[in-house]
Amino acid sequence: MTASDPLPYHRVLLKLSGEALAGGSGIGIDPDKTAYIAQRVREVYDLGMQIAIVIGGGNLWRGEPAAKLGMDRSTADHMGMIATVMNGLALQDAIERLGIVTRVQTAVEMNSIAEPYIRLRAIRHMEKGRVVILSGGIGSPYFTTDSAAALRASEIHADVIVKATKVDGVYSADPVDNPDAARYRRLSYQDVLNQQLRVMDTTAFTLCQENAMPIIVLNFWNPHDLVKALQGDESIGTVISDSPGLQPTLPL
């Protein structure tokens, strides 16, 4: 792609786990990690793309394990939603220190610190050049932030979901256990189901499939991969869409 070529995506939803903000222990909020995330967001923003972010809360609280220990599941999940708002505020601060106006919207109303999630308002913010952080999940228990990402991406008419991970794509097997595992460059939704590849939870993945929402899975911690993937470099990560897929980088 040259500088004069049009970008393949205009509006992007970035899905981050809560652990992306954590330090080495996997717990809490690490200022260096939030600064790193903010810098990657800035690079995408500088391309002229509109950006929404859905972030998890697992670095602060996990509802499902708490429920297994006897806590009411709805209570545990609502605590997790609040954790995502805390992460959203931390990320907002880091992004705004780079000079980008940012809004936190939450599905769980807390009007003194964040806007309520309103679909058209979120779209308007992005059209005005603001980064929108969508927190609080979908506002209901029993749904993951993967599901929130799939739902919000469809609602705001995003062109793609970028799932930020520690792995550089989707593999035919666990690359840690199997050094011969192949990384797929491109997969169809049906390929993922047929191969029983875990990309998102079933609810989230089905929503993406039904709405033909492309997904890019990449290693967020390779500093240039996010920008390259959004510029259309298919050597980065794995693209999942309704196009013909099953393209490994190595023979299966």
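Entry 1, a rule to keep handy. A residue is called buried when its relative accessible area is under 20%, exposed when that area is over 50%, and partly exposed in between. I'm working with a predicted model today.

Glu43 has a relative accessible area of 22%, so I put it down as partly exposed. Both residues lie in helix α1, 3 residues apart, which is about one turn of the helix.

Entry 3, another helix pair. I went to α5 (residues 145-155), where Glu155 and Arg152 sit 3 residues apart, again about one turn. The closest N and O atoms of this salt bridge are 2.9 Å apart. Is Arg152 buried or exposed? At 5% relative accessibility, Arg152 counts as buried.

Next I checked Arg62 and Glu19, whose side chains form a salt bridge at 2.0 Å, N to O. This one links distant parts of the chain, since the two are 43 residues apart. Arg62 is in the loop between β2 and α2 (63-68), while Glu19 is in the loop between β1 and α1. Arg62 is partly exposed at 47%, and Glu19 is partly exposed too, at 25%. How many salt bridges does the count come to? I got 13.

I turned to the largest nonpolar core, which has 35 residues. Which of them touch the most other members? They are Leu16, Ile53, Ile95, Ile216 and Leu230. Several elements each supply at least two residues of this core, including β1 (11-16), β2 (50-55), α3 (73-96), β9 (215-219) and α8 (225-230). Helix α1 gives the largest share, 5 residues. Apart from this core lies another one of 31 residues, with Ala148, Ile156, Val217 and Ile240 among them.

I picked Leu230 and left aside its neighbours within four places in sequence. What is Leu230 in contact with then? My list reads Pro8, Tyr9, Val12, Val44, Met49, Val160, Val162 and Ile216.

Technical notes
Residues are numbered from 1 along each chain as its sequence is written. This is a predicted model: local features need pLDDT of at least 70, side-chain atom pairs count only at pLDDT 80 or more; totals for chains, interfaces and linings use all residues. Side-chain values use heavy atoms; hydrogens and water are left out. A nonpolar core is a set of buried Ala, Val, Leu, Ile, Met, Phe, Trp, Tyr and Cys residues joined through side-chain atoms within 4.5 Å. Buried means under 20% relative accessible area, exposed over 50%, partly exposed in between (1.4 Å probe, protein chains only). Helices (H or I, at least four residues) and strands (E, at least two) are DSSP runs, numbered from the N terminus. Contact means heavy atoms within 4.5 Å. A salt bridge is a side-chain nitrogen of Lys or Arg within 4 Å of a carboxyl oxygen of Asp or Glu.
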